[in-house]
Amino acid sequence: MRKISMTNQIMLATILGIFIGVLFGENITEVKIIGDIFLRLIQMPIILLIMTAVIKAVGNLNPKDLGKLGTKTFSLFLVSSVIAAFFGVGFALWIKPGLNLNIPIPNETINSVANSSWSDMLLEFFPTNIVGSMAEGNMIQVILFSILFGLAISTNKKRETIQTVVKFIDELNQVIIQLVTLVMKLAPIGIFALMAGVTGEIGIEVLIPLTKFLLTFGIASLLFLLLWFIVVSIYTKISVFELVKKSWNVMLVAFTTTSSAITLPVAMDNAKRNLGISEKVTDLVLPLGLALNSNGLAMFLSISSITFSQIYNVETSFATIIQSILLCTLATLGTVVVPGGGLVALTVVVPALGFPLESVALLAGIDWFSGMFRTLLNVMGDTSTALVVAKSEGEINYDILRAD
């Protein structure tokens, strides 16, 4: 008998959870505690997961790459992710995937986010005690510290003792990834409990935002990708048609596997063989992008944040929108490739924006479908960045690019 994949297990658990929730109503709400335990188990290693991923990615850069090439790469990563997050917010405000689902949450939780001043928001980026930041789960401060820590490692690589630190961080990162992978094996049980509990509490209307959310994300993703390709095409003097044709295999692998890690070797080979990007640029930008560039995730998180504000009937001021965009963009810096990465990222952003953690369950049922668009944007964002950096450095071989 063929084993059911984890994706199918989660989808079945979601459908079954909704059915049981509708069937038993409020009598089944107590089962949600199992789902809450599952979410806490995911949250447990998040700080270490993000720290080790960011430190390792930045620390692996050679000192000579921290100059012009590194600056270009990081700038493009940041700009594309911010634009993607803005794009997501715009489409979520337009289509309103969470409209007409009003689930009240405590006002003090909302106000703690909404009433922050600009000066308070700016200061929140800088930690006074990183241990305290870790204990409080302050993602922005942890990510900033991790970037600086990685830079410190990169500029001191020649010291033998530094290699011990690098090896320890790398091994710790692998252990944390394995821990999250093990926890994600419980996802079908956790998602079933969450969906049954939430559906039993609020009714079948929990299904309403799911299709609208996926529609919002899908339209925003494809339009963003098209516009981004046009910009890259103009700068690199490569037609959009040629860019799509030469990258089609990578796009297909990304869309069908929903895994940036599985797609990375294909993308690197394609960048050298079909797009004519030099090995120097390919080997720096694409692996770094796997950890530090996630246009798809930035858009997914920003749409999610606006969707949840609509579901909970929370007013979205300009300040809170900017705060959401910044948080969603920075949260992508700690992205690592583990099963259920979208759900893991949501457990970081949702509490930081003042929404109940169980909100994650509302989007769990379509996580695999949204993962298709997330991965497509992530992978092609990395490839596009590599093209732009290579063009600026004269590292594109147009003979290879235009060969049949």
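I began with Arg-402, which counts as partly exposed at 45% relative accessibility, keeping in mind that this is a predicted model. I then looked up its partner and found that Arg-402 forms a salt bridge with Glu-242, the closest N and O atoms being 3.8 Å apart. Arg-402 sits in the segment after helix H20 (398-401), whereas Glu-242 belongs to helix H12 (residues 240-257), so the pair ties together parts that are 160 residues apart in sequence. I noted that Glu-242, at 17% relative accessibility, counts as buried, because the cut-off for that class is under 20%.

Next I asked how many salt bridges the structure holds, and the count came to four.

I turned to Lys-32, which forms a salt bridge with Asp-36, with 3.3 Å between the closest N and O atoms. Both residues lie in helix H2 (residues 32-43), and because they are four residues apart there, about one helical turn separates them. On accessibility I wrote down that Lys-32 is buried, with a relative accessible area of 15%, while Asp-36 is partly exposed, with a relative accessible area of 23%.

My last entry concerns helix H13 (residues 260-273), where Asp-269 and Arg-273 lie four residues apart, about one turn of the helix. Their side chains meet in a salt bridge, at 2.5 Å from N to O. I recorded Asp-269 as partly exposed, with a relative accessible area of 37%, and Arg-273 as exposed, with a relative accessible area of 58%.

Definitions and conventions
Residues numbered from 1 in each chain as written. Predicted model: local features only at pLDDT ≥ 70, side-chain atom pairs only at ≥ 80, totals over all residues. Heavy atoms only, no water. Helix = DSSP H or I, 4+ residues; strand = E, 2+ residues; numbered from the N terminus. Buried < 20%, exposed > 50% of the residue type's maximum accessible area, 1.4 Å probe, protein only.
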